[in-house]
Amino acid sequence: MAFKITDGLIGGQAIADTSTTKQHALGTIVTAEDSTLGVGEFMYLKGVGSTIVGSIVRYDDAFQTALATSALTDSLPLAVAMSANVASAYGWYQIAGLAVAAKASASTMADGAGIGAASGLAIAVSTNVQIQSCVVRTVTTSSGAGSTTVAIAINRPHDIATAVAA
């Protein structure tokens with residue numbers, strides 16, 4: 001998987017790279033294409049600790065990420081990390097297209113099923129934790145030990161809070 005930016009951004013940070021220096025304005029959105037996964041949209045965000053490739057993150061109006069969790073008190077947009085973009089680093093996160101998300105377990109997820117997230121990893125959907133604008137497409141296991149992923153179709157996904165603060 002090697003997404004290449006297609007919308008004229010010259011000299012930009014590659015989609016799969018992490019940088020300790022901010023290379024673009026936070027919130028920049030680009031279109032990129034991969035020969036297997038097709039076309040997707042990506043947003044430039046600031047990382048958070050414990051991020052791995054495929055982490056599902058939430059981001060706020062300051063474009064700061066946090067690992068998505070099922071224990072929510074507010075609703076925020078979501079994205080999929082394209083690199084191990086940890087705290088004090090900057091990178092691209094997928095917000096639309098066919099994305100590859102890291103899973104919490106090796107259990108099978110049905111094609112077309114909804115999913116949730118816990119600690120930034122995809123989980124089988126349960127009451128009140130389904131990610132909106134996201135559906136399972138294909139389950140794959142990469143070559144790394146215990147490194148299970150799931151292909152998800154996303155279009156500006158967001159979470160739904162289980163308990164909205166008053």
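**Group meeting: an all-strand predicted chain**

In the protein chain, 58% of the contacts with a separation of 6 or more are between residues 24 or more positions apart, a contact being heavy atoms within 4.5 Å. This is a predicted model, in which local features need pLDDT of at least 70 and side-chain atom pairs count only at pLDDT 80 or more, while totals for chains, interfaces and linings use all residues. Residues are numbered from 1 along each chain as its sequence is written, and side-chain values use heavy atoms, with hydrogens and water left out.

On confidence, the mean pLDDT (the predictor's confidence in each residue, from 0 to 100) is 85, and 86% of the residues reach 70 or more. Over residues 143–147 the pLDDT is below 50, and this stretch has two contacts in the model beyond near neighbours in sequence.

The chain has 12 strands and zero helices, where strands (E, at least two residues) and helices (H or I, at least four) are DSSP runs numbered from the N terminus. Of the 166 residues, 40% are buried, that is, under 20% relative accessible area with a 1.4 Å probe, protein chains only.

Let me turn to the cores. A nonpolar core is a set of buried Ala, Val, Leu, Ile, Met, Phe, Trp, Tyr and Cys residues joined through side-chain atoms within 4.5 Å. The largest has 16 residues, and those with the most contacts inside it include Ile 56, Ala 122 and Val 150. At least two residues of this core come from each of β7 (78–81), β8, β9, β11 (132–141) and β12 (148–158), and β12 supplies the largest share, three residues. Apart from this core lies another, of 10 residues, among them Val 30, Phe 42, Tyr 44 and Trp 92.

Finally, the aromatic rings: rings of Phe, Tyr and Trp (its six-membered ring) pair if their centres lie within 6.5 Å, and planes under 30 degrees apart count as stacked, over 60 as edge-to-face and the rest as tilted. By this rule there are three aromatic pairs. Phe 3 and Phe 42 are edge-to-face, at 4.8 Å centre to centre and 65° between the planes, and this pair links the segment before β1 (4–5) with strand β4 (residues 38–46), 39 residues apart. Phe 42 is buried, with a relative accessible area of 0%. The ring centres of Tyr 44 and Tyr 90 are 6.3 Å apart and their planes are at 15°, so this pair is stacked. Because Tyr 44 lies in strand β4 and Tyr 90 in strand β8, the pair ties together parts 46 residues apart in sequence. Ring pairs link Tyr 44, Tyr 90 and Trp 92 into a cluster.

Definitions and conventions
Buried < 20%, exposed > 50% of the residue type's maximum accessible area, 1.4 Å probe, protein only.
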